[in-house]
Amino acid sequence: MNTRRRFLTAGVLAGAVLTASACGGGDDDVAGGEGGDTTLRMIVNITPNLTEQFWNELFDKYEAENPGITVELELTGTIEAEAKLQQDLAAGDPPDIAQHVIPNPETAELFVDLSDEDWAPDTPLYDDYAIDGGHYVVGVGEQIQSLVFYNKAAFEEAGVDATQLQTIAQFEDAMRKLQAAGYQPLQSAGQWVTGAQFTMLADAGVLTEEPDWVIERKNGETSFADSGYLRYFELYESWLKEGFLTQSALGLEYPDGQAAFLAGDSAMYIMGSYFVPAADEAGLSDQIGVFPVPADGTYPPGQFGNMAQPYTVVEASDAKEEAIDLVEWLVTDDEAIEIQLAADGNLRKGFSYDVSSLGEGVQAVLDASPMVIVKQGERQPVHGYAEELNTQVQSLFTGSSAGDVAANLDSWWDSQR
Amino acid sequence: MGLAALKVSPARTDDPPAPAPGHPGTAAAVRRRRWRGGALSLGMLAPAVLVYTVMTIVPVVVALYLSLTDWNGFSDATFIGTENYLRLFEDPGISRAWLVTFVVAAFGSVGMLGLGLAYALQLKERSRTNSFFRALAYYPHVISALILGFLWSAILGTNGAINTTLERFGVGPVGFLFDETLAVITLVGVIVWAGFGFNVVLFVAALQTVPHELIEAAQIDGASRRQINRRIVIPMISPVVTVAMVLNLVGLIKVYDIVVSLTDGGPAGSTETIAYVILSRSFASTDVGFATAQAVALMVVSAVLSVLVAALRNRQDQAAAN
C-alpha cells in the first residue's frame, strides 16, 4: 500500500510539475541572469530587403559593442508581426521588442511610453505617431510611397516625357502610348500589393486636398462613396477595362510583380521607396526613373509615407532597460541608422549613404513634396482597413463596379467597433 | 414439507460458518477492497483526466466565455452577451468565408474520398508496384501544407511553370490563382491532391480485411468487378469510409495553412476560409472576442457535421442490412 501511495503521490507531483512548467514562461530574457547575460527577443519582419541575414549581421554589431547582450530574432512566419506579438502575449511569453508593430489607442498600453527618453524626440515622425500625448514607437527613417517608377527605354520608345505626367489625364494618355508601343502600362500584383498601390495613388490625391479625411470618416462626416476615393475606384475600373491594368496580375506574388517590372515586361510600377534597393540589386537603377503619382489637384501631391523600421519596447518585457538601450542604438547610432536606411531604401534628414541615381530621384521627389501624409495617431483608419481595402480593390480586378466597392468599404467601415 | 420445517432444517448446520470480522469475505472487507480498487483506478485515470481537462475542457470553457466578451487579447474583458455571434451574420466577409469553407470542405472531402477509394481499389493487391504507387499517393501528405501551397503557387501563378509554358504556345494565362471561381477550384484540387493519399492508406487497410471467399463466391456467380466492388467490397468497408469522411470534413472545415501559402485568401477574398479569417483578420485586428466567437461556431459546425455524417452512414448501413 505504501508503494501504491508513493506511486500515486509521484503521479500527482509529476502532473503538478508538468502543469507548472506548461504555465510558466522561460526566464531566458530576464535581465541580470546567469553571469549577468541578457537575451533580448525581438519580433522582426522579414522582407526581400530585410532578410534574416540582414538582421543577424546588424545585431552582431550591437552584441560586439555590448558584451553580455544577445539579441534573438523572433520570426513571424505566415502571420503579421502584430498577430505574432499577440500570440506571444497570450502565451505569457512576451518578447522584449517588436519591430514593424504600430500601436493604436487600443494597444498602446502594451508598449513602453518613450516620451521621457531624451533621444526619442529627434527620431523621424516622432509626433505623427503620438497617441494621446504618449510616444510608444520610434523609427529609423521615413518611407515615401506615392512614387511611380518607370522604364526609361519604354518611355523613350513610346515617346512619353515623364516630366509631363502630372495630371490623371496626362497619365492616362501616357498609358495609351505605352500600350500602343507593346508594353503593359502598369505593373500590379496580388497579395497586399493591389490595395497598397491603390493607397499610394489615391491617398496622395485625396489626402493632400483633405488631410483630415480619415478623422471625418471616423466621425461619419464623409464616406468613400461621397468623396474623392470614388473617383479613384472609377479610374481603376476604367484602367482595367482599357487593359492598363490586368486581372492576371492578381496571380503574382509581390516579388514576382517586382521582377516582372524589372524584367521590362511593364512600363510603370507604383511602389514605395523600398523598391530602390531591389532595382540597385538587379543593377538596373540607371534604366529606371521615378516621378510622383499624378494628381488633379495640387502638384506635386503630398507623399503617402510612414515611419521606416518602427520599434516598440514591450511593456511586459522583463528586460525593459536593456530593450530601450537597444532601440536607442537602432534609431540613434549613425552606423546602425545608415545600414538600416540603405537596406530598405529609406530616408532621414541629415543622413546619407551611397545611393544610386534612382535613390537620388526618390530624394528629389521627397524634397519637392509639399507634405508627407502620415495616417497614424488620430488619422489612423479603423483596424483591418488595409486588408479590407485590398480585398475590395482586388474585386475591381475581378469585375466589381467602382460604386459597389465604395459602398462595400463604407458598410464594412461602419460595421467595425 | 412445511415452511416451518424448512426453517429448522438440520441442513442449516452444513452452511459455511459466518466469516469472522476482518476476514476477506466480510461485507466491510469487500467494500474496502472495492474502495481501494476504485481509488487505484482513479489514481491511474487522474493524469489523463487532468491533461484532458487542462488541454481540452478548460480551453473550450474559456473560449465560450471569451466569445461573449469584447476582449482584445490583453485588456480586461467586458461581457457583451451574444453581440459577437450576431456580428457573424452581419459581416458579409464572414458569410462569404463560411460559404467558401463549406464548398472546400464538401468538394474536398468527396474528392479525397472518391479518389482515395478509386486508387485503393486499383492498388489493393499486394505487390511491389502497388506499394510504390501507394507510397507515391501518400507522399504529399507527409509534406507541410504550407510548402505544398507555395509549391503549387509557383506552378500555377500567372508567371508560374504552367502559364509560362502555355504562353509559349500563345495560350493563357489561365486564371488558376487570379480568377475567383478558378481559384476556389484550384484550392480544392490542391487540397484533394495533398490529402487523398491518407484516404488511400485507410482504404487499402480496410480492403485487406474483406474475406476473399466472398469475392470468389461472387466471381463464381458471374459478378463483374464493378458489381463486386459496389455490392460487396464498399459496403464491407463502409465504417472506414465513414471515418475517412468525418476526418476529411473536420480537417477541411478548419483549413488554413494551404490557403495562406497558395492564394493568401485572394483574389478579392474569394478563397478566404473561416479559419483564415479568424487567424489572419480577427486575431490580427486584436478582435479576440469576435475571433473566439467564430472559433466556437466553427467547433459547433464541425461537431454537428461529424455527427450528421456518422448518423447518415449508420442509417444507410441499417437500411442495407435490412
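Mentor: Happy to. Let's start at A:Q303, which stands opposite A:V372 in β11(A). Before going on, keep in mind that this is a predicted model, in which local features need pLDDT of at least 70 and side-chain atom pairs count only at pLDDT 80 or more, while totals for chains, interfaces and linings use all residues. Residues are numbered from 1 along each chain as its sequence is written, and chains are lettered from A and ligands numbered from 1 in the order in which they are written.

Strand β11 (residues 372-373) of chain A runs parallel to β9(A), joined to it by 2 bridges. Strand β4 (residues 141-144) of chain A is antiparallel to β9(A) and linked to it by 4 bridges. Within that pairing, A:Q143 has A:N306 of β9(A) as its bridge partner. Pairing requires at least two DSSP bridges between the strands; helices (H or I, at least four residues) and strands (E, at least two) are DSSP runs numbered from the N terminus.

Now for the domains. Chain A is assigned domain 1 (36-138 + 310-345) and domain 2 (144-306 + 358-415), with bounds from an automatic or database domain assignment. The centres of domain 1 and domain 2 of chain A, taken over C-alpha atoms, are 29 Å apart. Between them, 12 residues of domain 1 of chain A contact 13 residues of domain 2 of chain A, a contact being two backbone-placed C-beta atoms within 7 Å. On the side of domain 1 of chain A that touches domain 2 of chain A, 7 residues are nonpolar, 3 polar and 2 charged. Nonpolar covers Ala, Val, Leu, Ile, Met, Phe, Trp, Tyr, Cys and Pro, charged covers Asp, Glu, Lys and Arg, and the others, Gly among them, are polar.

Next come two open sheets of chain A. One has 4 strands in the order β2-β1-β3-β10, with mixed pairing. At its edges stand β2 (69-75) and β10 (311-313) of chain A, each with a single partner strand, so one side of each has no neighbour in the sheet. On average, neighbouring strands there are turned by 25° against each other, direction ignored. Strand β3 (residues 97-99) of chain A meets β10(A) in the antiparallel sense over 3 bridges, and A:I97 faces A:V313 of β10(A) as its opposite residue. Helix α2 (residues 52-65) of chain A lies across β1 (38-44) and β2 of chain A, at about 165° to β2(A); such axes are lines fitted to C-alpha atoms (for helices, over the stretch in contact), with angles from 0 to 180 degrees between N-to-C directions.

The other open sheet is also mixed, with 4 strands ordered β6-β7-β5-β8 in chain A. Its edge strands, β6 (184-187) and β8 (288-292) of chain A, each pair on one side only. Strand β5 (residues 147-151) of chain A runs antiparallel to β8(A), with 5 bridges between them, and A:N151 has A:I288 of β8(A) as its bridge partner.

A helix pair belongs in the picture too. The axes of α8 (residues 228-242) and α14 (residues 385-397) of chain A come within 9 Å and cross at roughly 35°. From α8(A), A:F233, A:Y236, A:E237 and A:L240 meet A:V393, A:L396 and A:F397 of α14(A). That contact of α8(A) with α14(A) holds 6 nonpolar residues, no polar ones and 1 charged residue.

Finally, the partner chain. Chain B has 14 helices and 0 strands. Its radius of gyration is 30 Å, whereas a compact globule of 322 residues would be near 20 Å (taken over C-alpha atoms, with the globule rule being 2.2 Å times the number of residues to the power 0.38). In chain B, 34% of the 322 residues are buried. The contact between the chains takes 37 residues from chain A and 33 from chain B. Helix α2 (residues 27-66) of chain B gives the most to chain B's side, with 6 residues. That side of chain B divides into 16 nonpolar, 12 polar and 5 charged residues.

Note on methods
A residue is buried if 20 or more other C-beta atoms lie within 10 Å of its own, exposed if 12 or fewer, and partly exposed in between; C-beta atoms are placed from the backbone.
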